[in-house]
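Here is a short report on a protein structure. Look over the sequence and the model, then read on.

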Number of protein chains: 2
Amino acid sequence: MTTDTGRTRLTPDERRAQLLELGVRLFSSRTIEEISIDVVVEEAGVSRGLIYHYFDGLQGYREALMRYAADELFRQTAPPPGREPVERLAASLAAYVDYVVANETGYRSLVAAAAGGNEAMRAIYDETFEAMGERFFEEAPALEMPDTPAVRLVLRGWQAMAEQLVLAWCEDKGAMTRAELLRLITDSLPLLVGLV
Amino acid sequence: MTTDTGRTRLTPDERRAQLLELGVRLFSSRTIEEISIDVVVEEAGVSRGLIYHYFDGLQGYREALMRYAADELFRQTAPPPGREPVERLAASLAAYVDYVVANETGYRSLVAAAAGGNEAMRAIYDETFEAMGERFFEEAPALEMPDTPAVRLVLRGWQAMAEQLVLAWCEDKGAMTRAELLRLITDSLPLLVGLV
């Protein structure tokens, strides 16, 4: 429970960030549909009015949460600077696998919200994966990935496969080691690009 | 508008099948959330009571529709008898691509309903894809696909890729020809299995 004194000490930006961080924590054990105004009010000790003030209601709050989680995924999968392109992308893919494994419930909820027909949620999901895909073309000369419509199609298919592989692996980690999973995801891209 | 005379001429099974066929037609231009009791009553000229009688309400009707569409997909992608295993599976994949292209709205709606968090919908979707995947193991000796947890993981990932490739191709058919898309989907499976 936050006191009035504690509340007034935060700037609006800090308060907003605090509400989003709380939501992301709720994400780890709840689907996005289970995050209601009541849950947030109870867990954060804030008034309903504050959620409406900052996010224009529950839908706005859920969308802001989705954007926050997607930005976090994008940030955590940034290719590390100062290495060879192939190594940079392998590190990025390893970070993606680790992010999904560490945030499985929230990630599944993000996928479900995006696929479930909500346009705003889908747009956030699509933009994030498109931006992650752009990283491959930025390193394209070293990767021999020509920027053609066919290669872009392959990249989208490969991203869907990588996501499914990680989510399925979370349910059956005995099927292969993390290193084998990473190698499968990393090595499959040039093979697939080679088919078009 | 069906008359009372027309209505009594159908057996219960025929009436049920008729309501499902109507729903599948509605699917081609509407998402599953847009199929309401009101829409069915208006389009089929049947009473609300009939939907409740046969399907125990709207949710039951939507689930029955999903099952009907999934069975149709499974039936239409049956590998044709009397050919070589590799040809049989290539024909099955071609049928899958053509089914998705011909029923794009309904198929996207099926994917969305399955991903969107409804357990019953997800189960129907998962069972269908699992059953389609089993076909590969039935032909396994000829395909050199050992039935191991790692290969099953790869198969699930490849199915997600194939679905995404077809759906993305529907939006950008200039990216490659149908024949190139088919070759990409068909030839990628042995390459991916070869990685584990």
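## Cysteines

C170(B) is buried, at a relative accessible area of 14%. Buried means under 20% relative accessible area, exposed means over 50%, and partly exposed is in between, using a 1.4 Å probe and protein chains only. C170(A) also counts as buried, at 14% relative accessibility.

A disulfide is a covalent bond between the sulfur atoms of two cysteines. Here the test is a pair of cysteine sulfur atoms within 2.5 Å. By this rule there are zero disulfides over all chains.

## About the model

This is a predicted model: local features need pLDDT of at least 70, side-chain atom pairs count only at pLDDT 80 or more, and totals for chains, interfaces and linings use all residues. Residues are numbered from 1 along each chain as its sequence is written, chains are lettered from A and ligands numbered from 1 in the order in which they are written, and side-chain values use heavy atoms, leaving out hydrogens and water.

## Two copies

Two copies of a chain are related by a rotation about an axis and a shift along it. In this model, a rotation of 180° with 0.0 Å of shift along its axis superposes chain A on chain B, with an RMSD of 0.0 Å. The two copies are therefore related as by a two-fold rotation axis. The superposition is by least squares on the C-alpha atoms of residues with pLDDT of at least 70 in both copies.

Which residue of chain A comes closest to the rotation axis? G116(A) does, with its C-alpha at 2.0 Å. Of the interface residues of chain A, 100% are also interface residues in chain B, so the copies meet through the same surface.

## Aromatic pairs

Y96(A) and F129(A) form an edge-to-face pair, 6.4 Å centre to centre with 85° between the planes. This pair links distant parts of the chain: Y96(A) is in helix α6 (residues 85-102) of chain A and F129(A) in helix α8 (residues 119-138) of chain A, 33 residues apart. Helices are DSSP runs (H or I, at least four residues), numbered from the N terminus. Y96(A) is buried, at 6% relative accessible area. F129(A) is buried too, at 9%.

F136(A) and W158(A) form another aromatic pair. This pair is edge-to-face, at 5.3 Å centre to centre and 80° between the planes. F136(A) lies in helix α8 of chain A and W158(A) in helix α10 (residues 149-171) of chain A, so the pair ties together parts that are 22 residues apart in sequence. F136(A) and W158(A) are buried. Ring pairs also build a cluster from Y96(A), Y107(A), Y125(A) and F129(A).

## Charges over rings

Two rings of chain B come next. R152(B) lies over the face of F137(B), 4.3 Å from the ring centre. K173(B) lies over the face of W169(B), 5.5 Å from the ring centre. The rule needs NZ of Lys or CZ of Arg within 6 Å of the ring centre and within 35 degrees of the ring normal.

## One face of a helix

Which residues are buried in helix α3 (residues 37-44) of chain B? They are I37(B), V39(B), V40(B) and A44(B). Seen down the axis of α3(B), its buried residues fall within an arc of 160°, so they line one face of the helix. The arc is that of the directions from the helix axis to the C-beta atoms. The cover over the buried residues of α3(B) includes α2 (12-27), α4 (48-55) and α5 (58-76) of chain B. Just after α3(B), G45(B) takes a positive phi of about 65°.

## A positive phi in a loop

Most residues other than glycine have a negative phi. D56(A) has a positive phi, near 60°, and is not a glycine. D56(A) lies in the loop between α4 (48-55) and α5 (58-76) of chain A. Is D56(A) buried or exposed? D56(A) is exposed, at 68% relative accessible area.

In chain B, D56(B) has a positive phi of about 60°. D56(B) is found in the loop between α4 and α5 of chain B, and D56(B) counts as exposed, at 68% relative accessibility.

## A contact across the chain

E63(B) is in helix α5 of chain B and is partly exposed, at 25% relative accessible area. The C-alpha atoms of E63(B) and M121(B) are separated by 6.4 Å, though the residues are 58 apart along the chain. Leaving aside neighbours within four places in sequence, E63(B) is in contact (heavy atoms within 4.5 Å) with A120(B), M121(B) and I124(B).

Notes:
Rings of Phe, Tyr and Trp (its six-membered ring) pair if their centres lie within 6.5 Å; planes under 30 degrees apart count as stacked, over 60 as edge-to-face and the rest as tilted. Helices (H or I, at least four residues) and strands (E, at least two) are DSSP runs, numbered from the N terminus.
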